[in-house]
Amino acid sequence: ADDGYRLWLRFDEIASEEVRNDYRQSVGQIFIDGDSPILATAGKELSDGLSGLLGQSVPLLDRAADGPGIIAGIIGQSDLINGWVTTADAEKIQEEGYLLMQKEQNGQQRIVIAAKDERGVLYGSFHLLRLVQTQSALSGLHLIDNPKIKMRVLNHWDNLDRTVERGYAGFSIWDWHQLPEFLDVRYTDYARANASIGINGTVVTNVNANALIFRPDYLEKVAALADVFRPYGIRIYLTARFSAPIEQGGLETADPLDAGVQKWWSDKVAEIYELIPDFGGFLVKANSEGQPGPQNYNRNHAEGANMLADALEPYGGVVMWRAFVYSNEEPEDRAKQAYNEFVPLDGKFRKNVLIQVKNGPIDFQPREPIHPLFGAMPQTPLMMEFQITKEYLGQGTHLVGLAKMYEEVLQTDTYVKGKGSTVAKVIDGSLDGHELSGIAGVANIGTARNWTGNLFGQADWYAYGRLAWDPEIAAESIFEEWTKMTFTHDPEAVSVINNMLATSHETCVRYMTPLGLHHIMGPGHHYGPGPWVSRMPRADWTSVYYHKADEKGLGFDRTASGSDALSQYHPDFQKELRDMDKISHKFLLWFHHVPWDHVLSTGNTLWVELCREYHRGAAAVTAMKEQWNSVSDHIDPGRFRQVAMHLDIQEKEAKWWRDACLRYFQSFSKMEIPADLEQPE
Ligand code: GCU
């Protein structure tokens, strides 16, 4: 049975002979003008993929042939390509970008892939494959596509013992034990999948880092992985445990201002670059959730980050310093702490430091307002950190398409430089004119045969890559591509599956945390409902810390009468949220403590609205099951069943969430659950 291992890189023969014949005319042979490992990858991918799709061998030629076909190469290096690309077009192509066109010149027909560097040729090749996979027309094709974000990386929360923190797809795909000699074919397939969506970097170790990775034998293993990734344009990065100089170097301190510590890091970095000349740099979680950091020595985040940045600078490496910091001892609202710590440091970081910020101020909740740091540190490049693994959204079992959520975050207006100052423009560097820009996605990949455990998790990996390339792409068009590449071309089935992807995030929010509720999951594992459980380390982080239910009402007052987290946003942003009668219901209980009998804009009281949302969410999962059943004729039985079985779990658990949360909140509201609520059909 088809187990989904091939992801969206399925190049089965196109069913219609007419369509196949059409493509044979235009892309029946390939010539890549140039010689390098990345160009060779592009050629091999094109040849393998097209041969499958067209049902005949699509050869890779060693010189340009007469007659139609693909020609690819680098502008300025290839005379052939120079002859086909106009100066005007060439000027528009940027680093890693490409021109993809169909052109007739002197009676010759060609599909041209032209770029300024070899990665551009690789990405253009995958774009062409995607067009054929989705059976798009090639005639008249003329597009220039440049990535909007420079560093497009995955973060693996993978431990050296192969467990994966918040991983729901089996164990880590990095087999450290057998590296560096044994190179699992998965490493190559992983690199192909990432290259196909433009991902150009990967952090292979957990943010809760283990300093062991810096031991020479481990670095050799890392170098072996880097060698596999390099021909696919992917650079490797590592997480740096701040106390590594003590643990691996035998020093007495890890104080960033200590000369011995600085030397240890410079030497270590030199050693790494000796093995991995294109090493990307470090990702650091410091002074967060018990991790060591500069504050242990009364230094601040900038002093810590800069010390590492100085060590990496001579080699072009960067530091991705995370802003996910909060302290249990701190009496301040957790949502405010990162802003308080980081905003005063704006302008104090070295040029090769990026601050990596989670999309929201708490922690990857089903829905959060944007993090207040976006737009608040104009002198520092901020990276987005999205979670692809679904820690708080049903983990490996629930079907929840994340692209809509990413889109919502990226398109949110911070207003910091007037209307239109979206989060996307903050992180692509355009708002504040930063050269360096980056985005990170916490991977959902593991040893599961289909890579992501839940088959639909593949869609989230795919969507993350596409949005990292261009955060302005509409989620809907990403679904369209993915569904056609992954499942079927049947128009009806495609639209049903796209609809599941488009609505499932809102559905999950409804049955888990409607109206701006958050962090009411069971503590520790973060899976099922647990608004009543308290294992919080702080006296006031009792069970009600995040939802604050009491006899009067529900929700966290973050306005001026409460924690005033709202004041960390731009005044125009605050305006949208300040008034409980005007705020979008999405964020109502995030910012306001609302009386149970308060009448909302829907005409319902808060209590009735809450009951309705939970019921709508659970009913929507039942409807989703029916939608999936309706496409069964168009999906192979192996993958169909995988999804169907997960939907059974999701249906059961959506009801669990609904009933458990409503019964619990009812113990405060003391109101009846209305009888006429939406039930599964
Ligand atoms: C969450 C998650 C942790 C993770 C942390 C982080 O709190 O539950 O497992 O380590 O985020 O992002 O650092």
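In which sense do S8 and strand S9 (residues 235–239) pair, and over how many bridges? Select the two strands: S8 and S9 run in the parallel sense and share three bridges. (Two strands pair if DSSP finds at least two bridges between them; strands are DSSP runs of E with at least two residues, helices are runs of H or I with at least four, and both are numbered from the N terminus.) Click Val203 and you'll find its bridge partner in S9, Tyr237.

Before going on: this is a predicted model, where local features need pLDDT of at least 70 and side-chain atom pairs count only at pLDDT 80 or more, while totals for chains, interfaces and linings use all residues. Residues are numbered from 1 along each chain as its sequence is written, and side-chain values use heavy atoms, with hydrogens and water left out.

Now select S7 to S14. These eight strands form a closed barrel, in the order S7-S8-S9-S10-S11-S12-S13-S14, with parallel pairing.

Next stop, helix H6, residues 185–196. Tyr187, Asp189 and Tyr190 are among them. To see what covers the buried residues, show helix H2 (37–54), helix H5 (118–133) and helix H14 (457–469), which are included in that cover, as is strand S8 (201–203).

Finally, zoom in on the ends. At the start of H6, a side-chain oxygen of Asp184 comes to within 2.9 Å of the backbone nitrogen of Arg186. After H6 comes Gly198, with a positive phi near 85°.

Technical notes. The expected span of a helix is 1.5 Å times one less than its number of residues. Buried means under 20% relative accessible area, exposed over 50%, partly exposed in between (1.4 Å probe, protein chains only). Contact means heavy atoms within 4.5 Å. A polar contact is a pair of N or O atoms within 3.5 Å; within protein, one must be able to donate a hydrogen and the other to accept it, and residues adjacent in sequence count only if both atoms are side-chain atoms.
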